[in-house]
Amino acid sequence: MIYKNNYCVLNTMHSKAEAIAEPFLKNLGIKVVEQKGDTDHLGTFSGEVERPGTLWEVLKRKCEIGLDLSGLTLGIASEGSFGPHPLIPFLPCDFEALIFMDREKDFFLYETLISEKTNYKFEDMEDEIEFFNFAKVIKFPSHGVIIRPLEWDDESIIFKGIRTFKEFRDSFKICQTSSARKTVRVETDMRAHMNPTRMMVIRELAEKLSARITSQCPKCRMPGWGKVRIIKGLECIQCGTPTEKIKEEIFGCVKCSFEQSLQKGEWVGPENCHYCNP
Ligand SMILES: [Zn+2]
Ligand SMILES: [Zn+2]
């Protein structure tokens with residue numbers, strides 16, 4: 001194991017080691033330790049702080065804060081966002097990203113995962129009775145919710161991590177009173193420690209990333225060797241027109257410029273061809 005008995009810092013406020021520690025220990029021998037580095041200024045899920053920069057910048061920054069605070073040379077950070085599936089717009093999905101940084105070997109590597117396994121949902125309610133159906137669908141109370149007045153003029157009025165019906169009723173009343181339209185926005189709390197479904201998806205991604213770190217560059221032996229891009233355009237056997245099917249997968253190194261190409265076959269049938277099968 002490349003990293004046997006090494007410590008790695010996971011910068012998280014939301015107990016994500018629960019999902020990440022085991023795959024990293026099993027696949028790499030890495031011991032994950034949590035660091036509660038303040039990353040609220042980088043943006044949070046409930047929307048109080050506008051997220052600066054891209055997801056990748058936030059992820060890198062979060063990981064670097066953990067590394068700086070702990071003084072360790074290995075770091076992990078995780079980010080997720082939720083919304084419609086890129087290909088199936090009516091299907092909510094969880095987009096997860098995980099970064100691994102090694103300051104000694106001087107590289108970083110990230111993996112992503114789009115999963116339709118999510119309870120992501122929000123609804124505007126005028127009566128607390130409307131919550132019962134919502135609660136069933138999103139698996140409350142094992143999964144938490146966030147409640148705020150619909151208009152949200154006063155951003156201090158927000159209740160997060162609600163996991164009992166009593167807490168729900170109490171905060172619902174406060175939010176409704178301070179809403180001009182007497183309407184309350186109820187949404188799933190997507191923070192990992194409030195959302196076992198999301199925790200499962202993060203674990204799936206941690207498996208994927210840690211497995212990738214185990215594979216080394218054939219040339220320089222650096223960890224993290226893996227697929228870096230694909231080339232489409234496998235040709236139609238009947239007319240020779242390039243199709244949308246993948247022709248080559250390119251594997252590359254995180255550090256040196258060495259690459260290898262994996263051919264995905266010689267041709268495809270005419271049923272995949274725009275010309276033969278318009
Ligand atoms: Zn063709
Ligand atoms: Zn290399």
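**A helix and the core around it**

Mentor: The domain assignment, whose bounds come from an automatic or database source, divides the protein into domain 1 (7-118 + 194-214), domain 2 (122-188) and domain 3 (227-272). Because this is a predicted model, local features need pLDDT of at least 70 and side-chain atom pairs count only at pLDDT 80 or more, whereas totals for chains, interfaces and linings use all residues. Residues are numbered from 1 along each chain as its sequence is written, while chains are lettered from A and ligands numbered from 1 in the order in which they are written.

Of the 278 residues, 31% are buried; a residue is called buried if 20 or more other C-beta atoms, placed from the backbone, lie within 10 Å of its own, exposed if 12 or fewer do, and partly exposed in between.

Now to the part itself, which is helix α5 (196-214) together with the core to which it contributes. At 1.5 Å a residue, counted over one less than the number of residues, the 19 residues of α5 should span 27 Å, and this agrees with the 27 Å between its end C-alpha atoms. Several of its residues are buried, namely Arg198, Val201, Ile202, Leu205, Ala206, Leu209, Ser210 and Ile213, and the elements that cover them include α1, β3, β4 and β5.

A nonpolar core is a set of buried Ala, Val, Leu, Ile, Met, Phe, Trp, Tyr and Cys residues joined through C-beta atoms within 7 Å. In the largest one, which has 30 residues, those touching the most other members are Cys8, Ile20, Phe24, Val32, Ile76, Ile99 and Ala206. Two or more residues come from each of β1 (7-11), α1 (17-28), α2 (55-70), β3 (74-84), β4 (92-102), β5 (107-115) and α5, and it is α5 that gives the most, with 6 residues. Phe24 shows how such a member is surrounded: leaving out residues up to four places away in sequence, Phe24 touches Cys8, Ile30, Val32, Ala206 and Ser210, where contact requires C-beta atoms, placed from the backbone, within 7 Å. Apart from this core lies another, of 11 residues, including Phe140, Ile146, Ile162 and Phe168.

Leu113 lies in β5, and it counts as buried because it has 20 C-beta neighbours inside 10 Å. With residues up to four places away in sequence again left aside, Leu113 touches Glu96, Val201, Glu204, Leu205 and Lys208; among these partners, Val201 and Leu205 also belong to the buried residues of α5. Between the C-alpha atoms of Leu113 and Ala19, 94 residues apart along the chain, the separation is 14 Å. For the protein as a whole, among contacts with a separation of 6 or more, 62% join residues 24 or more positions apart.

Note on methods: Helix = DSSP H or I, 4+ residues; strand = E, 2+ residues; numbered from the N terminus. Contact = placed C-beta atoms within 7 Å.
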